[in-house]
Amino acid sequence: MEKRSGLNDFVQAAPGYISKVLKENNYARMADKILKFNLKMKRFLSSDYRRINFCKDIDTVSELCYITFADIASEYKNDGGKEGMKKPYIVCHMMTSLDGRIDCAMVGQLTGVEEYYATLGELNLPSTLSGRVTAQLEMALPGTFQAKNGVFIGQERFSKKVDATGYEIVVDTKGTFLWEKETDTAKPHLIITSEQVSKEYLDYLDELHISWIACGKDKIDLKRAAEILAEEFGVERLGIVGGPAINSAFLEAGLLDEVSILIGLGIDGRKGMPGVFDGFPMEKIPTPLKLKDVKTYGNGAVWLRYLV
Ligand SMILES: NC(=O)c1ccc[n+]([C@@H]2O[C@H](COP(=O)([O-])OP(=O)(O)OC[C@H]3O[C@@H](n4cnc5c(N)ncnc54)[C@H](OP(=O)(O)O)[C@@H]3O)[C@@H](O)[C@H]2O)c1
């Protein structure tokens, strides 16, 4: 009984305190991980723990502690201790049906879709970023780039063509999209690839006067990309505007500061259609959120904003 209440005290008080100290020192992501660990422990104690005694289950508890703190340590190491890295304030903004589905063709038919760009405007996100699938549907030219010799760049590099107030950012891991010559100076394209992009493709973007960032060995290193966007391109506020794969990758990387959802008036319900976030493993625990704001519109649409 003694041990039980000692553990409870730890679960209740210590992570909150550690988290507060970390936040005060600008270690936001580590603080979030501690809070998530706290939630996991609380769940563990409130269900199974009531029925078993602490000593029998000490292995599970220590395993949970070990996994969590090893995870925190490895993230800290990966950042080279730079938890307070410079990054834009990042908001994931999506329009959904009442059942949280996001297929653009479907949400485009819902009452409330007319508020999408107004809400995006209110969020004040001069730069927005789309996943490759979304960009293929909405932005890129038909066809794919065919490299002749396919020599990879194999190192981190970037090229900034213009100083803009905002960028239309697209992630395209291997450099496949075709684009028109860039003439937009208000919101020019900026392509993010991994280091598995061919030199020829980057030369092609250069010819079109399109800015690019190549970072991450096999896949795009989103944390590093966020840092380069902030430090080299002056991006202070960034909108992640889908789809679910890229939204989830930003969430998983601990880069999202806010989730903004505009709910239109309709139910999708078609089998297998994805939601705002998708593809996490079954053991993922829900990401806790804090409500920031709710707005309702005369047409019945609802706009929800949450801090991550
Ligand atoms: N309702 C809305 O507000 C809204 C907005 C936008 C899109 N959508 C919907 O979203 C759907 C498309 O979403 P989607 O999930 O299929 O694709 P997506 O998120 O648009 O794009 C995913 C692709 O981005 C690339 N990518 C590059 N780096 C990545 C990383 N670190 N992690 C993950 N992906 C990375 C990957 O392709 P490569 O590795 O091959 O480059 C990946 O397959 C469509 O149905 C569209 O209609 C809805």
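Modeller: Helices here are DSSP runs (H or I, at least four residues), as are strands (E, at least two), numbered from the N terminus. Residues count from 1 along each chain as its sequence is written. The model is predicted, so local features need pLDDT of at least 70, side-chain atom pairs count only at pLDDT 80 or more, and totals for chains, interfaces and linings use all residues.

Colleague: How many helices and strands does the chain have?
Modeller: The chain has 308 residues. Its secondary structure comes to ten helices and ten strands.

Colleague: What share of the chain is buried?
Modeller: A residue is buried with 20 or more other C-beta atoms within 10 Å of its own, exposed with 12 or fewer, and partly exposed in between; C-beta atoms are placed from the backbone. Across the 308 residues, the buried share is 31%.

Colleague: What percentage of contacts joins residues 24 or more positions apart?
Modeller: A contact means C-beta atoms within 7 Å. Take the contacts with a separation of 6 or more. Those between residues 24 or more positions apart account for 72%.

Colleague: Which residues does F250 touch?
Modeller: F250 is one of the buried residues of helix α10 (residues 244-252). It is also among the core residues with the most contacts. Leaving out residues up to four places away in sequence, F250 touches I90, C92, L222, I240, L255 and L256.

Colleague: What do the buried residues of α10 pack against?
Modeller: In α10, the buried residues are P244, I246, N247, S248 and F250. They pack against β1 (89-96), β4 (168-171), α9 and β7 (237-240).

Colleague: Where is the cis peptide bond?
Modeller: Most peptide bonds are trans. Here one has an omega of about 0°. Its residue G243 sits in the loop between β7 and α10. The cis bond joins G242 and G243.

Colleague: Which residues come nearest to the ligand?
Modeller: A residue is near when its C-beta atom lies within 6 Å. There are 24 residues around the ligand. β1, α5 (104-107), α7 (132-138) and α10 each supply at least two of this shell. Coming nearest are G131, V133, G242, G243 and A249.

Colleague: What is the phi of N124?
Modeller: Most residues other than glycine have a negative phi. N124 lies in the loop between α6 (116-122) and β2 (127-130). N124 is exposed, with 11 other C-beta atoms within 10 Å. Its phi is positive, at about 55°.

Colleague: Is H209 exposed, partly exposed or buried, and which is it by count?
Modeller: H209 is in the loop between α8 (199-207) and β6 (211-214). Its phi is positive too, near 65°. It has 14 other C-beta atoms within 10 Å, so H209 is partly exposed.

Colleague: What distance separates the C-alpha atoms of G269 and L98?
Modeller: G269 lies in the loop between β8 (258-263) and β9 (290-296). It is exposed, with 11 other C-beta atoms within 10 Å. G269 and L98 are 171 residues apart along the chain. Their C-alpha atoms are separated by 9.4 Å.

Definitions and conventions: Contact = placed C-beta atoms within 7 Å. Core = buried A, V, L, I, M, F, W, Y, C linked by C-beta atoms within 7 Å.
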